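Here is a short briefing on one protein chain. Look over the sequence and the structure first, then work through the points by topic.

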Amino acid sequence: MSKITLIFLFLIITLSLFGQNDNYYSHRFLVEKEVGFNLQKWAKSHSDEIRLIRPIFKKLNYWLIEFEKGKTTNAQARKSILTKTKGIKSVYQDFEVRARKVPNDPMFTDQWSKSLIEVEKVWDITTGGTTVDGQEIVVAVIDDGFEIIHVDLQKNIWTNKGEIESNSIDDDENGYVDDFNGLHLPTQTDNHIVDNHGISVSGILGGIGNNDKGIAGINWDIKMMLMSIKRSSTSSGGSVLDVIQAYGYALDQRKRYNDTNGKEGAFVVVTNYSGGVDEKFPNDFPTWCPIYEELGKVGIINITAVSNKDNNVEAIGDMPSVCDSDFIITVTNTDIADKKVMQAAYGNISVDLSAPGEGALSTISQSRYREFNGTSSSAPQVAGVAALLYSVPCINLIDLAKADPPAAALEIKRVIMESVDPLLDLEGITVTGGRLNAFKAYRELDKIAPVIENCPENVTLREDEPTYQWDELLISDDCGSIIIQSNIDNGSEFRIGTTGVNITAIDLLGNRAECKFNVTREGKTDQEASFVEVGKVLFSKPDNVLKIQFETGSFEIHIIDIYNMLGQRIRQQQFVPTNSSINTATIKNIDFAQGTYFIVLSKAGGAIRNAHSFVVAF
């Protein structure tokens, strides 16, 4: 037998003993058990090598089975026993996950990405933090590690109000001791490893704004629930087990919030996970994708980043990018020129949109800052906008979040997906073919015009009733903050005759609703109400001002139409007479060429009118 053949056989034997490759954990298995199946009892009677059994995602009966390290039984034999056991529905080895990061050098740059997605326009309306009814908005950040004391992050770190810090007691009885700012999943404690990847993601999501320090995140004021998964300061990251547990923690907090009407838990509206496993499909991890549906059921939308490789994820896989759930938004990376970054994956079924992530300035350890690249930088841009939208003054959205949490989560996804800026570089290789735009997403959320529900009807006043006070208007709007404009102040004195009242309700985006009615005050006038006659017409060329003198017997709206010799109307303007006899209407910013023109003056409705011609000569 040749030396090459011996080496090949040795490799086969080695792989069979220690697992398929170094990314698998041969002693840890994630299983889904049948309802009612007693896993602990089964384990005691079948293996003395099992060290630990505990639930990791209770809602779906996902459990961890951990064997003693160093035992001779190989991973395939262990998996075979578990797979053949009645009562266990699925089983797979735990697998290492990697943050979606690429190498970069420290540097300071402007936060150009904020202008590209037009988030500054949304900041004129809200900078985040709380809902219109005062609820604290929370985003769950799943990443390698964090720095709680960073000067530009500390105030925006979530605190568990049901837990007393560092008293070694599970105060809120959720199964975790002292989970005050979140959880370090590998140790089940709140002792987070400091890691720049998670610190930078946090800075994009929620770097404190307007504090004269460093940067501003998408949300100036937000609460970030920290879910760290890195197992040690020297390890490359966490595992699938840690990610699933992190999602389970966020789900439990939001479910408790929903069940107690906000008295307990946390209003988690979005999760961000800028990591995953390259070139894998849902069948490789059967307990991963279903958790997104469970998160969606309590009202959480989930943002994920694709790999930093120029791959089509539909063909070669990428977890969790290719999970089929309505409650995921998967993000790829574009640069300052709106071009897809070469080292960023794509897919016209699974990858929804892009966000600017190449060269975004963010936070790193020891209260410092530097450029942050890759899809890991793109995903939190989208997660940040999703959280920011919950803070705009849209009471209908918050009502929906309380009454139907999944519908609210899907509404947030809809407005983000339907408001992208189309990019040629993404056409045909992503679902939307576009890049995130925060302001357009807000406009999509607030596209419905206000409704004035009790517009007054026409009213007639007696001669001895000079003033009129109408009822306070009832106005409904999906995003509130209504401005009221009126040509007549409520309670004003009305002249004898008919006056048209025009009231306009305008929301923050300029959507309008109009209310029009007439107020007629009885009494005699100097002229018959039907009388209207044009008198003198004077045009001032230096000032571009036209003055029209006319007589009328009515206070209602008059319409002035100006025609040229060809019969083309070149201007129309409304005018409300100030008295019932001679009036002067002034029309500014009008530029006449030499020639003959015609003025037609009519009362609103056009029933009574009078025409007059005039000549412009220089």
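**Overall shape**

The chain has a radius of gyration of 34 Å, while a compact globule of 618 residues would have one near 25 Å. Keep in mind that this is a predicted model.

- The C-alpha trace spans about 120 × 55 × 45 Å along its principal axes.
- The chain contains 13 helices and 31 strands.
- Of its 618 residues, 53% count as buried.
- Take the contacts between residues at least 6 apart in sequence: 70% of them join residues at least 24 apart.

- Four strands form an open sheet in the order 2-3-1-4, and their pairing is antiparallel.
- Which strands are the edge strands? They are strand 2 (50-57) and strand 4 (88-95), and each pairs on one side only.
- Neighbouring strands of this sheet are turned by 25° against each other on average, direction ignored.
- In general, strands of a sheet pair through backbone hydrogen bonds, either parallel or antiparallel.
- Seven bridges link strand 1 (residues 24-33) with strand 4, in the antiparallel sense.
- Leu 30 has Tyr 92 in strand 4 as its bridge partner.

**Helices on the sheet**

- Helix 2 (residues 39-46) packs on the sheet and touches strand 1, strand 2, strand 3 (62-67) and strand 4.
- The direction of helix 2 makes about 160° with that of strand 2.
- Helix 3 (residues 75-83) lies across strand 1, strand 3 and strand 4.
- Helix 3 runs at about 5° to strand 1.

**Two disulfides**

How many disulfides does the structure hold? It holds two.

- The link of Cys 289 and Cys 323 is left-handed, with -75° about the S-S bond.
- Cys 289 sits in the loop between strand 10 (275-278) and helix 8 (290-297), and Cys 323 in the loop between strand 12 (318-319) and strand 13 (328-334), so the pair ties together parts that are 34 residues apart in sequence.
- Are Cys 289 and Cys 323 buried or exposed? Both are buried.
- Cys 455 and Cys 515 form a disulfide too, with their sulfur atoms 1.9 Å apart.
- The link of Cys 455 and Cys 515 is right-handed, with 85° about the S-S bond.
- This pair links distant parts of the chain, 60 residues apart: Cys 455 is in the loop between strand 19 (451-452) and strand 20 (459-461), and Cys 515 is in strand 24 (residues 512-521).
- Cys 455 has a relative accessible area of 31%, so it counts as partly exposed.
- Cys 515 has a relative accessible area of 1%, so it counts as buried.

**Nonpolar cores**

In soluble globular proteins, nonpolar side chains tend to be buried together.

- The largest nonpolar core has 60 residues.
- Met 224, Val 270, Leu 389, Tyr 390 and Ile 416 have the most contacts inside this core.
- Helix 10 (residues 375-389) gives the most to this core, with eight residues.
- Leaving aside residues up to four places away in sequence, Val 270 touches several others, among them Val 138, Ile 300 and Ala 383.
- A second, separate core has 49 residues, including Tyr 24, Leu 185, Tyr 273 and Tyr 292.

Notes. Residues numbered from 1 in each chain as written. Predicted model: local features only at pLDDT ≥ 70, side-chain atom pairs only at ≥ 80, totals over all residues. Heavy atoms only, no water. Pairing = 2+ DSSP bridges. Helix = DSSP H or I, 4+ residues; strand = E, 2+ residues; numbered from the N terminus. Axes fitted to C-alpha atoms, helices over the stretch in contact; angles between N-to-C directions. Contact = heavy atoms within 4.5 Å. Disulfide = S-S within 2.5 Å. Buried < 20%, exposed > 50% of the residue type's maximum accessible area, 1.4 Å probe, protein only. Core = buried A, V, L, I, M, F, W, Y, C linked by side-chain atoms within 4.5 Å. Rg over C-alpha atoms; globule rule 2.2 N^0.38 Å.
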